[in-house]
Amino acid sequence: MKRHNPLLEDLKSVLPAIAENASKTEALRQVPKENIELLKKVGLHKAFLPKAYGGYEISLPEFCDCIAALAGACCSTAWAFSLLCTHNHQMALFSKQLQDDVWKENPDAMASSSIAPFGRYQEAEGGIIFNGDMKWSSGCDHADWAIVGFLRDNAEGAKDYCFAVIPSSDYHIDDDWHAMAMKGSGTKTLVIKDAFVPEHRIQKAKDMMEGKSAGYDLYPDSKIFYAPYRPYFASGFAAMALGVAERMVEVFQEVTSTRVRAYTGAKVHAATPALMRLAESKHQVMAARAFMEKTWDEHKAFAEAHRYPTREELAYWRTNQAYSVKMSIEAVDRLFNAIGATQWMLDKEAQRLFRDTHMCGAHAYTDYDVCAQILGRELMGLEPDPSLL
């Protein structure tokens, strides 16, 4: 779908430079500083920043179009920067005091995260003392804050899944990201020891899904903050897989247009198998985009109407994303399997696209085996299985 998107047009001006840096990004195992500077120059980091701090508050469909385009240039950069951006949406649901802590003096500040509830804590006067080796914090080298997860005992004797926001001065980064794919995302471990977190920097995840958080209704004119945090947090995964698949179609056309078989000299571009693979993958990628655009447009409409989704609607939103990633991976695999042995060389773009698209499907949120169970249970009227994320 063609939609007015000035931020996307500005972003396109820096994509060639980011694509040129793709190999460097993998070698560094983190996003190069120059990529971050280019993306901040065009203002992508302001996508979900509240207007009160100079942000744009663009719609989710507009943002996802930007992330898909960025992933086609360098998926590692897209992975890290997408999360840095979507965390702004999450923090806008925290207290005004937390938001002032983060953005009042530095509206360009961003946060990485490690939201799985593996943190340990002790209650303290006015807050908690937090400890933990918090893994999977993509883009942490460029973050000023971190959002970390933990389970907190409540008055009823149960546990609340909570998030704490911690400044970078209160942790150090363990440089342990050595991965087969998304090599440059810098998804490292945050080592946090005895960090005091005041109460205003803590929020229950459930409240952020139901319009009950401290930041609810802070921005009555906003078209994006009357929405649960999780769909925004996870929005980039499908967009990245889609952007990689769209780029893979282009790469296959480019490579195949001049490819000849080594032993026979036959031209591959007119061979029936190549044409059929290209056509089917093109259709599949188009279908994935149409499917996700419909879902993203639903997110937008709900937020603008200040309507929170039902459990069933949330189940569709999550699993739609996972199915779109699945389609994108299938489209990439179909082309990569027929693109030729030369494209397996580490200096070739196709092999990077192949690796990165599979990583898009490896995240807990996009694991289709999990998502199929979630939707299947919902369709059969069964209660959600708490063992499924």
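Modeller: Begin with a cut-off: a residue counts as buried when its relative accessible area is under 20%, as exposed when that area is over 50%, and as partly exposed in between. Keep in mind that this is a predicted model. Ser137 has 0% relative accessibility, so it counts as buried.

Biologist: Where does Ser137 lie, and which residues is Ser137 in contact with, leaving aside its neighbours within four places in sequence?

Modeller: Ser137 is part of strand S2. With those neighbours set aside, the residues touching Ser137 are Ser112, Ser113, Gly186, Thr187, Lys188 and Leu190.

Biologist: How many helices and strands does the protein have?

Modeller: There are 13 helices and 7 strands. The radius of gyration is 21 Å, close to the 21 Å that the globule rule gives for 389 residues, so the protein is as compact as a globular protein of that length. Along the principal axes, the C-alpha atoms fill a box of roughly 75 × 45 × 40 Å.

Biologist: What share of the residues is buried?

Modeller: Of the 389 residues, 56% are buried. The accessible surface is about 17300 Å², and carbon and sulfur atoms account for 54% of that surface. Contacts can be read by sequence separation as well: among those between residues at least 6 apart in sequence, 73% join residues at least 24 apart.

Biologist: Now the sheet. In what order do the strands stand?

Modeller: The general idea is that strands of a sheet pair through backbone hydrogen bonds, either parallel or antiparallel. Here the sheet is open, has 7 strands with mixed pairing, and runs in the order S5-S6-S2-S1-S3-S4-S7. Strand S5 (171-174) and strand S7 (202-204) are at the edges with a single partner strand each, so one side of each has no neighbour in the sheet. On average, neighbouring strands of this sheet are turned by 25° against each other, direction ignored.

Biologist: Which sense, parallel or antiparallel, do S1 and S3 pair in?

Modeller: Strand S1 (residues 111-124) and strand S3 (residues 145-153) are parallel, with 5 bridges between them. Opposite Gly119 stands Phe150 in S3. Helix H6 (residues 75-91) packs on the sheet, where it touches S1, S3 and strand S4 (159-167), and the direction of H6 makes about 45° with that of S1.

Biologist: How many bridges join S2 to S6?

Modeller: S2 and S6 run antiparallel and are joined by 8 bridges. Ile129 has Phe196 in S6 as its bridge partner. S5 and S6 also run antiparallel, joined by 4 bridges, and Ile173 stands opposite Leu190 in S6. As for burial, 8 of the 11 residues of S6 are buried, so S6 is largely enclosed by the rest of the structure.

Biologist: How should I read aromatic pairs?

Modeller: A pair of aromatic rings is described by the distance of the centres and the angle of the planes. This structure holds 19 aromatic pairs. For Trp136 and Trp177, the ring centres are 6.1 Å apart and the planes stand at 75°, so the pair is edge-to-face. Trp136 lies in strand S2 (residues 127-137) and Trp177 in the loop between S5 and strand S6 (188-198), so the pair ties together parts that are 41 residues apart in sequence.

Biologist: Is Trp136 buried or exposed, and is Trp177 buried or exposed?

Modeller: Trp136 has 59% relative accessibility and counts as exposed, whereas Trp177, at 9%, counts as buried. Another edge-to-face pair is formed by Phe291 and Tyr323, with 6.5 Å centre to centre and 85° between the planes. Phe291 lies in helix H10 (residues 272-304) and Tyr323 in helix H11 (residues 311-336), so this pair ties together parts that are 32 residues apart in sequence. Phe291 is partly exposed at 28% relative accessible area, and Tyr323 is partly exposed at 33%.

Biologist: Which residues form one aromatic cluster?

Modeller: Phe48, Phe63 and Tyr232 form one.

Biologist: Last, how far apart are Glu250 and Gly72 in sequence and in space?

Modeller: They are 178 residues apart in sequence and 9.9 Å apart in space, C-alpha to C-alpha. Glu250 lies in helix H9 (residues 229-258) and is partly exposed, with a relative accessible area of 38%.

How values were computed
Residues numbered from 1 in each chain as written. Predicted model: local features only at pLDDT ≥ 70, side-chain atom pairs only at ≥ 80, totals over all residues. Heavy atoms only, no water. Pairing = 2+ DSSP bridges. Helix = DSSP H or I, 4+ residues; strand = E, 2+ residues; numbered from the N terminus. Axes fitted to C-alpha atoms, helices over the stretch in contact; angles between N-to-C directions. Contact = heavy atoms within 4.5 Å. Rg over C-alpha atoms; globule rule 2.2 N^0.38 Å. Buried < 20%, exposed > 50% of the residue type's maximum accessible area, 1.4 Å probe, protein only. Areas by Shrake-Rupley, 256 points an atom, 1.4 Å probe, with all protein chains shown as cover. Phe/Tyr/Trp six-rings, centres within 6.5 Å; stacked < 30°, edge-to-face > 60°.
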